[in-house]
Amino acid sequence: MPKMKTHKGTAKRFRRTGTGKIMRAKAYKSHILTKKSPKRIRGFRQETTLCKSDAKVVSQRMGK
């Protein structure tokens, strides 16, 4: 059976931590920022972990 190829779109959007968790960027940070508070905008900079149900699918696409 051939090797699984990494889905390049997924590889660019997610990263795996040393403990195996999958990290993702937060949404809502690209436009219409005038009505959002600076505190809220700063919070968008940090990555957050992906939930377990989504992590299973993303993990397969990243080639485990």
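1. E47 is partly exposed, with a relative accessible area of 36%; partly exposed means between buried (under 20%) and exposed (over 50%), using a 1.4 Å probe and protein chains only. Please keep in mind that this is a predicted model, where local features need pLDDT of at least 70, side-chain atom pairs count only at pLDDT 80 or more, and totals for chains, interfaces and linings use all residues. Residues are numbered from 1 along each chain as its sequence is written, and side-chain values use heavy atoms, leaving out hydrogens and water.

2. E47 forms a salt bridge with R15, with 2.7 Å between the closest N and O atoms. The term requires a side-chain nitrogen of Lys or Arg within 4 Å of a carboxyl oxygen of Asp or Glu. R15 lies in strand β1 and E47 in the loop between α2 (38-43) and β3, so the pair ties together parts that are 32 residues apart in sequence. Helices (H or I, at least four residues) and strands (E, at least two) are DSSP runs, numbered from the N terminus. A search of the whole structure finds one salt bridge.

3. Now to the sheet: three strands form an open, antiparallel arrangement in the order β1-β2-β3, where pairing takes at least two DSSP bridges between two strands. Since β1 (14-16) and β3 (48-49) each have a single partner strand, one side of each is left without a neighbour in the sheet. R24 has T48 in β3 as its bridge partner.

4. T10 sits in helix α1 (residues 8-13) and counts as buried, at 5% relative accessibility. T10 touches V58, R61 and M62, not counting residues up to four places away in sequence; contact means heavy atoms within 4.5 Å.
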